[in-house]
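Here is a short briefing on the structure below. It goes topic by topic, with terms defined where they come up.

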Amino acid sequence: MANDAVLVVGGGPAGLEAARGAADLGARVVLVEERDHLGGTPIFERYAALTHGFQDAEEVMERLTREVTTHPNVQVRLLTRVVGCEGSAGDFRVRLAKVGDGTSETVHVGSIVVATGFQHFDPGRETQVYGYYEYPDVITLVEAEAMLKAKRFVRPSTGQPPERVCFIQCVGSRDRQIGNEYCSKVCCGIASKQAIEIRQQVPNCKVYIFYIDMRMYGYWENEIYWPAQEQYKVQYIKGIATEIIQKGDKLLVRGEDTTLGRPMEVLMDMVILSVGMEPSKGTREVARVLGLKQNKYGFIEVPHEGLDPVATSVPGIFVAGAAAGPKDLDDTLSMAGAAAMKAVATVRRAAASPAG
Amino acid sequence: MPKPGLDKVDRIYEKDVAVLEGMDISGHWNRMFEQRVVWDYSTDVLERITGLPGGESLGWCYQCGKCVPVCPVDVVGDYGPRKVYRKAQLGIDLLRDPDLWLCTTCMNCLRVCPKEVNMIEIMPAAREVAVQEGRVPPELQKVFENTARYGNPMGESPRKRAEWVKEAGVPVTVLPLDPRPVDVLWYVGSYPSYHPRGKDAARAMARVFHALGVDYGILGHEEKEDGDSIRLAGEKGLFEVLAEANIRTFRKYTFNRIVVTGPHEYNAFKNFYPRYGGSFDVLHYTQFLAPFLPRLREMFVKELPYTVTFHDPCYLGRHHGEYDAPRRLLQAIPGLRLVEMPRCRENGYCCGGGGGGMWLDGFSRDYLRERLSDRRVREAVETGAEILAVCCPYEVSRFEDSVKATGNDGKLVVRDIIELLDEALGSPRAT
């Protein structure tokens, strides 16, 4: 394969959009995905409605996937990992290995887009105060999302619809002890979106959100937060809970109501932990293989020189989506477009000056 | 206060003097402990209030707290619009809480509210339920009964409604006695008809109208309370009866426009009577008189070398955006110097009389450190003014009382703008 091709690593929203963009610009694209299917986290974790816009995640991702897989300029390699890389901008030789059988091949590309995404914070990992691994009715946004998609939102302990559900925000984010000092950016919106979906699917269920401060930037404020409160009567309480204690068949959520300055001890049927984002295993691995600088949290570092939000520490290698840090879908897709454009430009520039 | 040694207690209430059903329960006999831990966040109260027509926006509050610093009641007590939402979230029933009667519907919270939580609609909607369920402070109940029976909140005889005319010193056309077509139907209002100081303003108005050659008439004993504050206090049914009666009376006569003495009538006739089929051109008297200023300037014969400060009525200013007409009239008076209080115009401080507050001073006393009117009088005195000018009939009585209550007798005089105009026109009867 000649060096006029672009390698895209990762088949989620960022990778698919980068592949489609580069292919539409006329470049040949090799799209590598470690899993046996495209669609990334929204498909793997069975997301319900997307934030924002409330479109069905599966439909949207299928449409995007189809546009990529049917594109004549794109070759898709599923169950494939990047295991080695040599060369520089305009002239990379990347070694790909098949997951399972160990067979490998080397592709010759001019530029690379890394779109290896994030993984959800594991709330049982370092702190056990919320009892995630002890209480079946303490779940995460991820599990709630899958239940909402299945249209069967029930207490895991009983299989019955809950009457009282609360979200606890900032789980695994904004926390020096855990090491994740950043805000994961999307959880306020996703919790509020799920709160709306719960109220739609289980109208008798009361929904509470315990928060430090609601971070509903841009249109999420008027499209998600305001309807959640005004139309769906979701109760927002300032102050996140410290601990959860089993009390009979309920969960006692203990914390402080900070605007009253009084302790709160409220019973819930279910608690949903609003877990944040961490770099995926794939992101850490690809950064190491490609020699990309990572920030202290393990995300791929964007040098932020010259207003280039898709640059990495290696010229000719670009990053899109949550591999570079917490991102919503709008940010992810915008980055993917920019990365595709820069990747194709790198290829073209190399072709115009064969010496470079 | 003794320490109870209970770590779950937030607040301890104890009245030094308390009598319950004839039994003295002063001191520790009436001690009550407030639960410290929040056990639940109920949505029942919020659902009930937001389910009322007009109550919807209570559920929109996102607790920014912008309303509280501009709430005139919060300055002297614990009530604040943001807190109404918070208390509802904690399951405290607004319909049974003193908060229900403390809001004066002054609209300063709505002016600054990013979410447009509208207490001007929430409070009457919630009060209407309390009224229907028979939970009304007795002094307000008395006002409802007086108004229903006599057509005025004071319970005065309707036949005496135009008695003030006798001492006006100028002829006044009373339409039921002389039903000729007029240019202006002057709706006098209950306080200018009956309250001693209100009557002074009514007589001054008659003299100023006469001097300007205004072709006007009044309704005499056929005029009834406009009912706007009755409606805001929760007696919507009574308001409807009053509105329909007044509209019927208006229709009996031929006129081009209505001029009102008070901003509350202005609000009723402009915004609410049309819903009952009564659409009329209506002007507050300051708006009616402002275009006469060139002539008034020629007619003024007396210099009034007073320093005057002006109190914006909530229902003329914030509710209807009229800040200039009263000021233009004052500034045209020869010799008069107008000084502003820090809280004026859009941010004017409420006198406490709106939304039924006029008839709840006894009730509010238990929840406020001082009356809103007392607070306002202090602000007026601080400007160095010797006259506090007003143009809402509720205010003369409220502020005169507060001048005495705050020990400012002799330092500050309360006068309606119309009285000052009357004096500048050289009326021998003007005080």
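A residue is buried if 20 or more other C-beta atoms lie within 10 Å of its own, exposed if 12 or fewer, and partly exposed in between, with C-beta atoms placed from the backbone. This is a predicted model: local features need pLDDT of at least 70, side-chain atom pairs count only at pLDDT 80 or more, and totals for chains, interfaces and linings use all residues. Residues are numbered from 1 along each chain as its sequence is written, and chains are lettered from A and ligands numbered from 1 in the order in which they are written. Helices (H or I, at least four residues) and strands (E, at least two) are DSSP runs, numbered from the N terminus.

**Positive phi in chain B**

- Most residues other than glycine have a negative phi.
- B:Met107 is not a glycine, yet its phi is positive, at about 80 degrees.
- B:Met107 sits in the loop between helix 4 and helix 5 (108-112) of chain B.
- B:Met107 counts as buried because it has 21 C-beta neighbours inside 10 Å.
- B:Glu116, also not a glycine, has a positive phi of about 55 degrees.
- The loop between helix 5 and helix 6 (119-132) of chain B holds B:Glu116.
- B:Glu116 has 8 C-beta neighbours inside 10 Å, so it counts as exposed.

**A buried helix in chain B**

- In helix 19 (residues 417-424) of chain B, 8 of the 8 residues are buried, so the rest of the structure largely encloses this helix.
- Its buried residues include B:Ile417, B:Leu420, B:Asp422 and B:Glu423.
- They pack against helix 9 (196-212), helix 13 (285-289), helix 15 (324-332), strand 11 (387-390) and strand 12 (413-416) of chain B.
- B:Gly426 follows helix 19 of chain B and has a positive phi, near 85 degrees.

- Two packed helices are described by the angle between their axes and the distance between the axes.
- Axes are lines fitted to C-alpha atoms, for helices over the stretch in contact, and angles run from 0 to 180 degrees between N-to-C directions.
- Helix 5 (residues 187-201) and helix 6 (residues 220-230) of chain A cross at roughly 45 degrees, and their axes come within 9 Å.
- Helix 5 of chain A is therefore oblique to helix 6 of chain A (angles under 35 degrees count as roughly parallel, over 145 as roughly antiparallel, 65 to 115 as roughly perpendicular and the rest as oblique).
- Helix 5 of chain A passes helix 6 of chain A in a left-handed crossing (the near helix is turned anticlockwise from the far one by less than a right angle; clockwise is right-handed).
- Residues are in contact if their C-beta atoms, placed from the backbone, lie within 7 Å.
- A:Gly189, A:Ser192, A:Lys193, A:Ala195 and A:Ile196 of helix 5 of chain A meet A:Trp220, A:Ile224, A:Tyr225, A:Pro227 and A:Ala228 of helix 6 of chain A.
- By class, this contact of helix 5 with helix 6 of chain A has 7 nonpolar, 2 polar and 1 charged residues (Ala, Val, Leu, Ile, Met, Phe, Trp, Tyr, Cys and Pro count as nonpolar, Asp, Glu, Lys and Arg as charged, and the others, Gly among them, as polar).
- Helix 4 (residues 141-149) of chain A packs on helix 5 of chain A at an angle of about 35 degrees, with the axes 11 Å apart.
- The crossing of helix 4 and helix 5 of chain A is left-handed.

**Sheets in chain A**

- Two strands pair if DSSP finds at least two bridges between them.
- An open sheet of 5 strands in chain A has the order 9-16-10-11-12, with parallel pairing.
- Its edge strands are strand 9 (138-140) and strand 12 (235-238) of chain A, each pairing on one side only.
- The twist averages 25 degrees from one strand to the next.
- Strand 10 (residues 164-171) and strand 11 of chain A run parallel and are joined by 5 bridges.
- A:Phe167 stands opposite A:Ile209, and A:Cys166 stands opposite A:Tyr208.
- Strand 11 (residues 206-211) of chain A has 6 of its 6 residues buried, so it is largely enclosed by the rest of the structure.
- In a regular strand the side chains alternate between the two faces of the sheet.
- Both faces of strand 11 of chain A are covered, with A:Lys206, A:Tyr208 and A:Phe210 buried on one side and A:Val207, A:Ile209 and A:Tyr211 on the other.

Notes:
Two residues are in contact if their C-beta atoms, placed from the backbone, lie within 7 Å.
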